[in-house]
Amino acid sequence: MSPTRSSTRPSRVPARVAFVGGGPGDPGLLTVRAVELLAAADAVVIDQVAREAIALRHAREDVEVVDAGHGDQGEALTQASRAKLVVKAAKAHAGGLVVRLMDGDPAVFNGLAEEAQALVKAGISFEVVPGVSSLSAVPAYAGVPLTAKSTSAVHVVVAGPGAPAVAGGVDASVTVVVLGAPDRAAVALRALLDAGRDAATPVALTERGTTTEQRTLVTTLGEAPGVMADSRFPVLAVVGDTVRMRDALSWFETKPLYGWSVLVPRTKEQSGTMTARLEHHGAHAEIVPTISVEPPRTPQQLERAVKGMVTGRYEWVGFTSVNAVRAIREKFDEFGLDARSFAGLKVAAVGGVTADALREWGINPDLVPTDEQSAQGLLDAWPPFDADLDPINRVFLPRADIATDTLVAGLQATGWEVDDVTAYRTVRAAPPPAPVRDAIKSGAFDAVLFTSSSTVRNLVGIAGKPHPSTVIACIGPATAKTAEEHGLRVDVLAPEPSAAALVDALADHGRSIALDAAEAGEEVVRPSQRRAGGRKRAT
């Protein structure tokens, strides 16, 4: 058989398997190697803790996600059943890569040994990528170091069905870490108490550690078993004198937007920067698309304009949104073109986010307004047509079907001829699910971030007005005006029209709330916790 024909035959070698540590919950704690493998994976096998969202954030769109946490009836799978699923996935993706994404570190209480042995038995190759373990990460996020000068050892207890091994944690100089479901962790703590550990020893109980829903309660060993009776999530308990340092070292749960639930009325593709920035400040983002982007009904005009870019029809191409960049890029792909076709063209971008989308494509814009990042700001920065300097007097503007005439009229007034072409249509998105609509109207969200006037109009149209207690943050004066016209009181206005500046302004507002509470000697209360009282709307 010829080498050419043999190279086209499907591989009969099972996929390579990578056991990858998914970290304790914070997506930012993934290792660089973990991200690389997730991006290359043909399939990702997850369990009940390493959630699908972590995998999909970095994996290809066509990746297969296999749930090894539960069976078809919702029952928890045994370790042996999970091992069989991993072997099955490797055989189903012959010649490829399967990532077995595990919570925390694969080698720490995750069944790595059993699953790896099953792969060896099946003749499947594998590698292990260590991850950040919850053993150290969760206490660190709770502001509780595991060791200090007075600490002689760290004793770990996994609260399982058997008798807890607590003998090594009785000495006062030993820090004890207990992991498990609340009921079993309570049994382990009670056993530690019965073994002779002082009942007054401080204990930090943390659930959903390293996520924006993390909660830490400080109590004593004598009280901890009873306190945990109301817990619903797996917990990590730290027992020892280092817990006393939490008052000074708590850094995560004191972030300005810690615990806030923030509504972001944008598409998933547009909200990545804002979501990451909100998580940086301790908030959880809920994405609710208010528009749907669709191709133009008649694409002929756009296709002629794209061809004109190649044939020298235009001096400038102006991009006023990321969606416009995406629409032109899709047409380039359709015609077999790439960024080299921009040679000789001058490129303008309305703002930093749009400029970043162009740079990702390999195009560095010639013009980005430094002041107001809007159609007016772009117009103010655009040079007028000069017959001596500009060989061509025509500008191509690929825009939305609902774009305003400000930029077109302004360019024409300065001597340019403009091809204003519909590159995409924006239509109002379908209403969000009923629970989300109820949360918006009842005040379950602490804040909502409006990035344009259309997001205000569309959110109110598909879901109703946010509750009076919800903090309203707007990206600029025009958006704020629209919000006020809809009866909303604007609490936060970004100092500059960018997603990062808007989120940072909301964080500053959160700091102000915390400072006001501290000066009044009161507990910090999130806006959603004040909703019973409400507040006056703009009139």
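Select T426 in strand β17 (residues 417–428); strands here are DSSP runs of E, at least two residues, and helices are runs of H or I, at least four, numbered from the N terminus. Beyond its neighbours within four places in sequence, T426 is in contact with I291, S292, A400, D401 and I402, contact meaning heavy atoms within 4.5 Å. T426 counts as buried because its relative accessibility is 15% (buried is under 20% relative accessible area, exposed over 50%, partly exposed in between; 1.4 Å probe, protein chains only).

This is a predicted model, in which local features need pLDDT of at least 70 and side-chain atom pairs pLDDT 80 or more, while totals for chains, interfaces and linings use all residues. Residues are numbered from 1 along each chain as its sequence is written, and side-chain values use heavy atoms, without hydrogens and water.

Next, the aromatic pairs, of which there are twelve: rings of Phe, Tyr and Trp (its six-membered ring) with centres within 6.5 Å, stacked if the planes are under 30 degrees apart, edge-to-face if over 60, otherwise tilted. Show F19 and F126: their ring centres are 5.8 Å apart and their planes at 80°, so the pair is edge-to-face. F19 belongs to strand β1 (residues 16–21) and F126 to strand β5 (residues 126–129), 107 residues apart. F19 is buried at 0% relative accessibility, whereas F126 is partly exposed at 35%.

Move to Y314 and F396, a stacked pair with centres 5.3 Å apart and planes at 25°. Both Y314 and F396 are buried.

Finally, select Y141, W251, F252 and Y258, which form one aromatic cluster.
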